[in-house]
Amino acid sequence: MTNDKPPIWRNHRFWQITAQFVAVFLAAILVIILWSNLSRNLQQLGIKFGFDFLKQQASFDIGETPIAYKATDTYTRALWVGLINSLRVAIAGIFFTTIVGITAGITRLSDNWLVRNISLIYVEIFRNTPLLLQLLFWYFAVFLSFPKADNKISLWGFISLSQNGIELPWLSFSPEFSALLLGLIFYTGAFIAEIVRGGIQSVPKGQWEAARSLGFKPGLVMRLVVFPQALRVIIPPLTSQYLNLTKNSSLAIAIGYPDVYFVASTTFNQTGRAVEVMLLLMLTYLTLSLTISIMMNLLNRTVQIPER
């Protein structure tokens, strides 16, 4: 009895696995070469490499400290404060920009002429102006132009606006945090609005007509029939916008909000450890981005149509 199994080198999967091993091997060699060159150059320049500076006293104050911190604490503690500040902005920004983006995206398709065009103006203005310019506008032209805390503006009896930022009965935002958060929300929300609009329009018209024929009201048609199907198109590009929001939060340094990039910059200026600080920043933003990507990929799997 002859063996009709083809040789392994004719197996397509074998070459796929081999190519992956070769790619990993070449990448490892490249990293080793780059690290060797970096170490040699640092030695020639007399620059010490290491992370021992993280145990040294930071000797600088941080404007917003969600956890206990004082100037006599270590650089490690200071960087943790900056990281938590970044997470505060990223989490709140992702939550509120999703609401703004979905609302603007749906109203872009509204039958009401005024609502539709207000949404269009919002998207075109915020999407086509630089984020840094918007942050400076929110900070200098909006929050710093508010009256002082003694004469604060009250909205609906429970929201207060002043130069100290936004104050709620259960929470208060500094002007730096408020400006950064609003800038990220409305800038990213404009892009999400177009993603949502495109996702909704990708749903076949037959789905709309079938839902209407069953007597569903327009709101139920959108909520129960159209939007769940549009999520399959919306979520992949939505993930990119969440990643952009998280990375764009590093522009906080322009308005003095002490995020992880702000604290890392101060650490670099005081210690001169440029390579170490940049590596820590790269690892931080890479970890945040991978975490968001994994969570959104899991969500994307739940909305996909299972194949039979």
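Which way is the crossing of H2 and H3, left-handed or right-handed? I looked it up, and the crossing of H2 and H3 is left-handed. In this notebook, left-handed means that the near helix is turned anticlockwise from the far one by less than a right angle, and right-handed means clockwise.

**Ground rules.** I am working with a predicted model, where local features need pLDDT of at least 70, side-chain atom pairs count only at pLDDT 80 or more, and totals for chains, interfaces and linings use all residues. Residues are numbered from 1 along each chain as its sequence is written, and side-chain values use heavy atoms, with hydrogens and water left out. Helices (H or I, at least four residues) and strands (E, at least two) are DSSP runs, numbered from the N terminus.

**Entry on H2 and H3.** I took the axes of H2 and helix H3 (residues 113-127), which come within 8 Å and cross at roughly 130 degrees. Axes are lines fitted to C-alpha atoms, for helices over the stretch in contact, and angles run from 0 to 180 degrees between N-to-C directions. H2 and H3 are therefore oblique to each other. Angles under 35 degrees count as roughly parallel, over 145 as roughly antiparallel, 65 to 115 as roughly perpendicular and the rest as oblique. I then listed the contact (heavy atoms within 4.5 Å). H2 brings Val100, Ala104 and Thr107, while H3 brings Val115, Arg116, Ser119 and Tyr122. By class I found 4 nonpolar, 2 polar and 1 charged residues in the contact of H2 with H3. Here Ala, Val, Leu, Ile, Met, Phe, Trp, Tyr, Cys and Pro count as nonpolar, Asp, Glu, Lys and Arg as charged, and the others, Gly among them, as polar.

**Entry on H2 and H7.** Next I checked H2 (residues 75-107) against helix H7 (residues 218-248), and their axes come within 11 Å and cross at roughly 135 degrees. That makes H2 oblique to H7. This crossing is right-handed. Residues in the contact include Val89, Ala90 and Gly93 of H2 and Met222, Phe227 and Tyr242 of H7.

**Entry on Met296.** Met296 sits in helix H9. Is Met296 buried or exposed? I found Met296 buried, with a relative accessible area of 9%. Buried means under 20% relative accessible area, exposed over 50%, partly exposed in between (1.4 Å probe, protein chains only). Not counting residues up to four places away in sequence, Met296 touches Ile235, Leu238, Thr239 and Tyr242.

**Entry on H8.** I tested the length of helix H8 (residues 260-271). At 1.5 Å a residue, its 12 residues should span 16 Å, and its end C-alpha atoms are 16 Å apart, which agrees. The expected span is 1.5 Å times one less than the number of residues. Val260, Val263, Ala264, Ser265, Thr266 and Thr267 of H8 are buried. Their cover includes H2 and helix H9 (274-303). Gly272 follows H8 and has a positive phi, near 75 degrees.

**Entry on two serines.** Ser59 lies in the loop between helix H1 (12-44) and H2. Its phi is near 65 degrees, a positive value in a residue other than glycine. Most residues other than glycine have a negative phi. Ser59 counts as partly exposed, at 44% relative accessibility. Ser160 is in strand E2 (residues 159-162). Ser160 counts as buried, at 13% relative accessibility. Leaving aside neighbours within four places in sequence, I found Ser160 in contact with Lys152, Ile153, Ser154, Gly165, Ile166 and Glu167.
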